[in-house]
Amino acid sequence: MSRSLDVSVAKDGDSSCEMKLPIGESIVLGRDPSCDIVLASPEVSREHVELFHVPAGVQVVDRSVNGTWFGSQCIRDSALLVGSPADLTVASYRIRLRIVEAVSARVRQPNVPPEIRRDVHRRLLDHLDLASLDRSQMTDEIMRPKVVAALEKVVDRVADDLSTSERATLVNDTVDEVLGLGPLQKLLDDDEVSEIMVVDPDSIYVERSGRLQLTSLRFTDGESCRAAIERIVSPLGRRIDESAPLVDARLPDGSRVNAVIPPLAVRGPCITIRKFPQQALGMSELVTMGSLTRRMAVFLQRCVVAKKNILISGGTGSGKTTLLNALSRFIPEGERIVTIEDAAELQLQQPHVVSLEAKPPNLEGAGSYSIRDLVKNALRMRPDRIVVGECRADEAIDMLQAMNTGHAGSMTTTHANSALEALSRIQTLCMMAGLDLPRSAICEQVGSSIDVVVQQTRFPDGTRRITTISEVEPPNRTADLSVRDIFTFTRTGIDTAGATLGDHRATGYLPTFLGEFALRGSVEQGSYLP
């Protein structure tokens with residue numbers, strides 16, 4: 001995808017200059033005639049501000065006396081502006097920054113009018129007479145040649161003025177709408193796309209390398225978008241309509257789908273697809289990517305072998321499940337593992353794994369099984385370890401009890417911005433269980449059950465890193481939990497390409513369970529000092 005930064009300068013409402021800045025380049029604005037854009041005012045410094053167009057947005061480097069203003073914020077030294085558009089103020093000048101993205105040829109398509117698409121789609125359904133076809137013969141392999149042949153005839157009749165490329169696009173897109181998921185099919189087949197976000201039928205975004213990009217793909221209309229949702233949920237026995245306008249589902253490849261339709265979705269049907277990776281990343285790949293260091297990876301490996309209970313914390317899309325997958329590979333093969341998830345995403349490699357998945361209610365509103373139901377049932381299945389994909393409700397109390405009653409080495413994730421916030425969230429979730437336990441008892445349960453908290457963070461440049469590995473200390477007299485950091489990530493800045501700079505460091509704190517590594521046979525006692 002190519003991208004340019006449009007820089008326009010206006011004074012007193014009159015535009016005086018406009019420039020396009022390709023990614024990776026910069027311009028200087030100031031009073032001196034040698035500047036790329038000259039701002040002729042005594043209030044402007046000779047070289048007032050430099051703008052770098054970086055992958056994450058716009059890096060603003062202020063070199064002035066009076067400062068550069070972003071809204072009510074005065075930028076001193078440097079600031080990264082993420083997103084578009086943005087307005088800067090220099091003296092009496094207004095500088096408008098707008099990032100314009102041109103979608104790559106991979107997703108660009110000729111512009112066929114929506115009315116022609118709808119007409120072709122309607123005529124195709126009439127031509128095929130799907131009601132008369134044997135449903136057992138309506139597999140994709142059998143139907144695709146029939147649909148393509150019928151479409152070519154329909155297009156010849158109704159789209160004489162279209163070019164060859166437009167005809168081919170119209171045929172391919174209509175086939176995807178009839179037999180697949182419409183424009184989403186191309187994105188599902190693109191290995192570089194990790195997430196697909198349909199804001200409305202006319203706006204489809206994707207995530208590539210941790211960054212959001214707007215594509216030129218679109219649905220013909222709201223009905224075709226709604227039909228794609230129906231094709232996802234119907235085989236699973238789910239429904240989506242005005243009485244149940246949102247649904248969670250899973251594609252055959254394991255990708256996680258959330259769909260919302262009107263009246264909840266104001267702009268039209270909305271779809272979010274978190275693609276299922278064909279091959280889960282291992283710890284060595286995470287080290288290579290800079291998510292953590294080798295010393296941190298070895299430490300976490302030894303924590304898993306020594307059966308420490310681990311809580312992985314982080315925001316949405318920060319890589320919690322990826323890290324949980326990587327850690328699970330260190331569980332010895334001789335142990336019985338029970339995994340519990342809302343939507344099955346974990347890819348454990350051990351031979352003795354029981355995978356449980358929560359079930360929503362059926363069309364009659366009955367037959368649902370929550371994460372908490374499955375955690376309670378897992379305790380009767382003689383597990384050595386329990387791995388819960390995410391604690392987000394009252395199942396947290398059962399997970400803690402499992403960790404504290406003979407199922408050491410269990411792991412789970414939760415949404416939080418720091419290790420302490422993660423523990424606080426687990427406490428709050430336990431209070432939702434309705435057991436009427438005092439806060440001190442819950443605090444003690446959390447402190448005695450969770451050994452290690454791993455904080456995962458996603459940075460503006462799309463990179464995902466472990467920012468802290470911490471040991472949970474027992475609660476004090478005031479029933480407050482605390483953590484001691486063992487490893488931390490120190491952020492030092494941003495380079496000219498917008499990448500986050502920093503390094504992982506050991507704090508010097510030695511965890512209290514270090515001696516257990518030797519008891520488990522993972523290392524000689526004292527040979528590993530973080």
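First, a term: pLDDT is the predictor's confidence in each residue, on a scale from 0 to 100. You need it because this is a predicted model, in which local features need pLDDT of at least 70 and side-chain atom pairs count only at 80 or more, while totals for chains, interfaces and linings use all residues. Residues are numbered from 1 along each chain as its sequence is written, and side-chain values use heavy atoms, with hydrogens and water left out.

The chain averages a pLDDT of 80, and 82% of the residues score at least 70. Over residues 103-109 the pLDDT stays under 50. That stretch has 22 contacts beyond four places in sequence in the model, where contact means heavy atoms within 4.5 Å. Residues 522-530 are also below 50, with 24 contacts beyond near neighbours in sequence. Where pLDDT is low, the predicted coordinates should not be read in detail.

Now the interior. A nonpolar core is a set of buried Ala, Val, Leu, Ile, Met, Phe, Trp, Tyr and Cys residues joined through side-chain atoms within 4.5 Å. Buried means under 20% relative accessible area, exposed over 50%, and partly exposed in between, using a 1.4 Å probe and protein chains only. The largest core has 35 residues, and Val388 and Ile426 are among those with the most contacts inside it. Val388, leaving aside neighbours within four places in sequence, touches residues including Leu324, Ile340 and Met399. A second, separate core of 33 residues includes Cys303 and Leu324.

What about disulfides, meaning pairs of cysteine sulfur atoms within 2.5 Å? The count is zero. Take Cys391: the closest cysteine sulfur, in Cys430, is 8.1 Å away, so the two are too far apart for a bond. Cys391 is buried, at 2% relative accessible area, and Cys430 is buried as well, at 4%.

Last, cavities. On a 1 Å grid over the protein atoms alone, a cavity is a set of points where a 1.4 Å probe fits but cannot get out, and lining residues have an atom within 4 Å of a point. Points are joined across faces, edges and corners, and the volume is the space filled by probe spheres set on them. The whole structure has three cavities of 30 Å³ or more.

How values were computed
A disulfide is a pair of cysteine sulfur atoms within 2.5 Å. On a 1 Å grid over the protein atoms alone, a cavity is a set of points where a 1.4 Å probe fits but cannot get out, and a pocket is an open set with protein on both sides within 12 Å along at least five of seven lines; lining residues have an atom within 4 Å of a point.
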